[in-house]
Amino acid sequence: MPPAPSQDDAETHPAQASPGQVVLLHGLGRSPASMWLIARRLRRDGFRVHQIGYPSTRQTFAEAEGFVRHRLAELPPGPLSLVGHSLGGLIAAEILRAPRGLAIDRVVQLGSPNRGSPLITRLGWLWPVRMACGPILGELNTLPAPPGRSDSIAAIGGTASWPVISAGFLRPNDGVVTLRSAWSGAGHRGHVHMLHSFLLISPRAIAMTAAFLSTGRLEPS
C-alpha cells in the first residue's frame, strides 16, 4: 500500500484546499526513493503525494501497467495527476490515454522514451544489460508511438549527453533518450541541460513539473 500522507503533509496549507492528488512513478530499475525531491516540492505546494513502486525489472510493459492501474484504483477517489520518470512516464501516458474508470487529470513525463531509446539499440542485446533490466527492455523500442499530441501531457527532456556513450545519437539527447523521443505525444514541451538520471534532481525540471500540475503550463509563475 502507498504510504499514508503525514500530518505535516495535511497541514502544509491549512487554510486552503489541497490542489489535488499526484502519483509518482519511478523509472526502470529504480525505486520510489528516486523521486523524493519531486515529492518534497509537490508536498510543499500542497499536493497530496503518493509514490507507487512496481517491479519494473521483472515484468513486461503490460504487466507493469496493470500493476500500476491496480494500485491507482486503491487510492482515494477523485482526479489524479501522474508524474513519471522514463518508463514511469510511458506507463502514465498509457493510463491517461485509456483510463478505464480512472480519473486522470495531467501527466508529466521526465525523459520518457516515447519513440524508443538509441541506447537500447546499442547495448540492449548484451546479456548483462538484459539480465539487469528484465523482459521490459526488449519492448521499449517496439511500443506503439503516441497517436498524437495531448494537451494533458507535459514532457521534459534532457540535453546533457555523454559524448562517448551517445556518439552517433540524434541530438539533442540526455545520453539515453533523444529530445525528439521524449517530446513525442506531448502538448507541452520543455528541456533542461541534464543527463537522463539527473532529471529527477534538476531544480528547473522540478519547478516546471510543479507549475504544469498547478496551472497547466510549464513555466513557473
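I'll start with the largest pocket: 26 residues line it, and Ser86, Leu119, Val176, His196 and Ser197 are the ones that lie nearest its centre. Please keep in mind that this is a predicted model. The space in that largest pocket comes to about 510 Å³. Two helices, α5 (118-123) and α6 (127-133), each supply at least two residues of the lining. The largest share of the lining is from α5, with 3 residues.

Now the sheet. What is the order of the strands in the sheet? There are 6 strands in an open sheet, and they run β2-β1-β3-β4-β5-β6, with parallel pairing. At the edges stand β2 (48-52) and β6 (186-192); each has a single partner strand, so one side of each has no neighbour in the sheet. From one strand to the next the twist averages 20°.

β1 and β3 pair in the parallel sense, over 5 bridges. Within this pair, Leu25 stands opposite Gly84 in β3.

Next, two helices that lie against these strands. Helix α2, residues 36-44, lies across β1, β2 and β4, and runs at about 160° to β2. Helix α8, residues 203-215, packs on the sheet and touches β1, β3, β4, β5 and β6. The direction of α8 makes about 165° with that of β4.

Just after α2 comes Gly46, which takes a positive phi of about 100°.

Is Thr209 buried or exposed? Thr209 has 0% relative accessibility, and buried means under 20%, so Thr209 counts as buried. Setting aside neighbours within four places in sequence, Thr209 is in contact with Val83, Val108, Leu110 and Ile156.

In soluble globular proteins, nonpolar side chains tend to be buried together. Here the largest nonpolar core has 29 residues. The residues with the most contacts inside this core are Val23, Leu72, Leu82, Leu87, Ile91, Ile95 and Ile104. Which elements each supply at least two residues of this core? They are β1 (21-25), α3 (61-73), β3 (80-85), α4 (87-97), β4 (104-110) and β5 (150-158). The largest share is from α4, which gives 7 residues. There is also a second, separate core of 24 residues, and Val22, Leu37, Ala210 and Leu218 are among them.

Let me stay with α4. This helix is mostly covered, with 9 of its 11 residues buried. Those buried residues are Leu87, Gly88, Gly89, Leu90, Ile91, Ala92, Ala93, Ile95 and Leu96. What covers them includes β1, α3, β3, β4 and β5. One of the buried residues is Ile95. Not counting residues up to four places away in sequence, Ile95 touches Glu65, Val68, Arg69, Leu72, Leu82, Leu102 and Ile104.

Leu82 was in that list, and Leu82 lies in strand β3. The relative accessible area of Leu82 is 0%, under the 20% limit, so Leu82 is buried. Which residues is Leu82 in contact with, leaving aside its neighbours within four places in sequence? The contacts are Val23, Leu72, Ala92, Ile95, Ile104, Arg106, Val107 and Val108. As for distance, Leu82 and Asp45 are 37 residues apart in sequence, and their C-alpha atoms are 16 Å apart in space.

Where does Pro79 lie? Pro79 is in the loop between α3 and β3. With a relative accessible area of 57%, over the 50% limit, Pro79 is exposed. Pro79 still has contacts: not counting residues up to four places away in sequence, it touches Gln21, Ala103 and Asp105. Pro79 and Gly20 are 59 residues apart in sequence, and 7.2 Å apart in space, C-alpha to C-alpha.

Conventions. Residues numbered from 1 in each chain as written. Predicted model: local features only at pLDDT ≥ 70, side-chain atom pairs only at ≥ 80, totals over all residues. Heavy atoms only, no water. Core = buried A, V, L, I, M, F, W, Y, C linked by side-chain atoms within 4.5 Å. Buried < 20%, exposed > 50% of the residue type's maximum accessible area, 1.4 Å probe, protein only. Helix = DSSP H or I, 4+ residues; strand = E, 2+ residues; numbered from the N terminus. Contact = heavy atoms within 4.5 Å. Pairing = 2+ DSSP bridges. Axes fitted to C-alpha atoms, helices over the stretch in contact; angles between N-to-C directions. 1 Å grid on protein atoms, 1.4 Å probe; cavity = no way out; pocket = protein on both sides within 12 Å on 5 of 7 lines; lining within 4 Å. Points joined across faces, edges and corners; volume = space filled by probe spheres on them.
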